[in-house]
Amino acid sequence: MTAPAVDEIEISIFGRGIGEACVIHVGGGRWIVIDCLLSEEKTPVPLDYLRGIGVPAQNIEAILLTHWHDDHIGGAAALVKSATAAEIAIPQAFQNDEFLGYLNLSHPVEGESFNSGVSELRDVLSELQGRGQVPRWCCAERRISGGPMDGYEFEALSPSDSQIDLFLKAIPGWLEKQASGGRLANPKRNDTSVASVITIGDLLILLGADLENSGTTHGWAAVHTGAWKARGQASFFKLPHHGGASGHFAPVWTDMLVGNVFSALAPYNRGKKLPSGSDVARIISW
């Protein structure tokens with residue numbers, strides 16, 4: 001493998017059945033990493049890939065951790081530790097004091113994968129605090145990196161204000177359950193997952209993370225009617241939630257993507273496997 005040319009855009013999607021990461025060359029030797037997963041040798045796959053093509057971690061301009069689930073954040077602390085020049089972007093909902101308190105209460109329990117994601121996020125925040133770096137707290141329509149003078153722009157499309165409010169209202173209930181002797185909640189919700197877009201000239205790259213549908217003011221409906229605005233149509237789409245039906249929103253395909261769009265996903269092979277046969281048929285039909 002060789003590094004892309006200076007003027008070449010490259011999008012790489014990595015997955016191992018459990019876990020996914022995107023590594024994107026936006027031109028000029030500059031890279032963006034979205035999420036992280038561990039190799040069989042327990043090393044961050046994005047770093048392994050970049051080192052394999054001779055790209056130093058210092059060339060990573062931004063790392064977006066879209067949400068806390070273990071299949072999107074494995075190895076993130078080691079990745080962040082190596083990429084000291086990168087902007088580190090995390091959902092704004094996690095800036096809340098009650099959520100940070102929740103992280104402090106939650107500790108890994110053998111056999112519970114959720115806690116590994118919480119632990120990884122805690123380590124990322126600790127690393128940033130140790131070097132005096134403030135995370136880029138993400139919400140809809142917030143720039144993560146790049147700009148008019150950089151030749152590209154990397155921007156969050158979610159979560160919306162209403163999504164953040166919904167998430168934060170749930171946290172006191174989790175803590176009350178623990179205070180009364182119950183176990184800390186193991187939430188599977190993806191309402192704060194950060195979908196994003198990279199703009200390079202006329203090229204739009206839509207990256208769906210695990211964002212799902214959850215009402216007219218949440219999820220993909222909020223992106224479609226709010227954050228996307230008059231951007232046009234994307235030429236590449238990283239499908240949300242491993243291609244599952246919960247992340248499908250028809251107006252995304254009709255309004256936000258070009259016809260015969262290039263698309264990709266990382267499969268999920270734990271429990272309810274994604275994409276299913278019906279998911280594949282649905283995706284191909286669009």
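Predicted model: local features only at pLDDT ≥ 70, side-chain atom pairs only at ≥ 80, totals over all residues.
**Entry 1: the sheet**

I started with an open sheet of six strands, and I wrote down its order as β1-β2-β3-β4-β5-β6, with mixed pairing. Which strands stand at the edges? I found β1 (10-15) and β6 (136-138) there, each with a single partner strand, so one side of each is left without a neighbour in the sheet. From one strand to the next, the twist averages 20 degrees.

A reminder from class: strands of a sheet pair through backbone hydrogen bonds, either parallel or antiparallel. I then looked up β2 (residues 20-27) and β3 (residues 30-34), which run antiparallel and are joined by five bridges. I picked out His 25 and traced its bridge partner in β3, which is Trp 31.

**Entry 2: aromatic rings**

How many aromatic pairs does a search of the whole structure find? I got four. In one of them, Phe 14 and Tyr 49, the ring centres are 5.2 Å apart and the planes sit at 55 degrees, so I put the pair down as tilted. This pair links distant parts of the chain, since Phe 14 is in strand β1 and Tyr 49 is in helix α1 (residues 45-52), 35 residues apart. Both Phe 14 and Tyr 49 are buried.

Next I checked Phe 237 and Trp 253, an edge-to-face pair with 5.5 Å centre to centre and 80 degrees between the planes. Phe 237 belongs to strand β11 (residues 234-238) and Trp 253 to helix α8 (residues 250-256), so to speak across distant parts of the chain, 16 residues apart. Buried or exposed, I asked about Phe 237? It is buried, at a relative accessible area of 2%. Trp 253 counts as buried too, at 11% relative accessibility, because the cut-off for buried is under 20%. Trp 220, Phe 237, Trp 253 and Trp 286 form one aromatic cluster.

I also noted a charge over a ring: Arg 231 lies over the face of Trp 228, at 5.7 Å from the ring centre.

**Entry 3: Glu 212**

Where is Glu 212? I found it in the loop between β10 (203-207) and α7 (219-227). The side chain of Glu 212 makes a polar contact of 2.8 Å with the side chain of Ser 246. Leaving out residues up to four places away in sequence, I listed what Glu 212 touches, including Asn 190, Trp 220 and His 241.

Then I moved on to α7, where the buried residues include Gly 219, Trp 220 and Val 223. After α7 comes Lys 229, whose phi is positive, near 50 degrees.

I looked for cis peptide bonds. One joins Ser 158 and Pro 159, with omega about 0 degrees, and Pro 159 is in the loop between β8 (152-156) and α6 (161-179). Another joins Leu 274 and Pro 275, with omega about -5 degrees; Pro 275 lies in the loop between β12 (257-264) and α9 (277-285).

I also checked for positive phi. Asp 35 is not a glycine, yet its phi is about 65 degrees. Asp 35 is in the loop between β3 and α1, and it is buried, with a relative accessible area of 1%. Glu 141 is not a glycine either, and its phi is about 70 degrees. Glu 141 is in the loop between β6 and β7 (143-147), and I noted it as partly exposed, at 39% relative accessible area.

Terms used
Residues numbered from 1 in each chain as written. Heavy atoms only, no water. Pairing = 2+ DSSP bridges. Helix = DSSP H or I, 4+ residues; strand = E, 2+ residues; numbered from the N terminus. Axes fitted to C-alpha atoms, helices over the stretch in contact; angles between N-to-C directions. Phe/Tyr/Trp six-rings, centres within 6.5 Å; stacked < 30°, edge-to-face > 60°. Buried < 20%, exposed > 50% of the residue type's maximum accessible area, 1.4 Å probe, protein only. Lys NZ or Arg CZ within 6 Å of the ring centre and 35° of its normal. Polar contact = N/O pair within 3.5 Å; in protein donor to acceptor, adjacent residues only side chain to side chain. Contact = heavy atoms within 4.5 Å.
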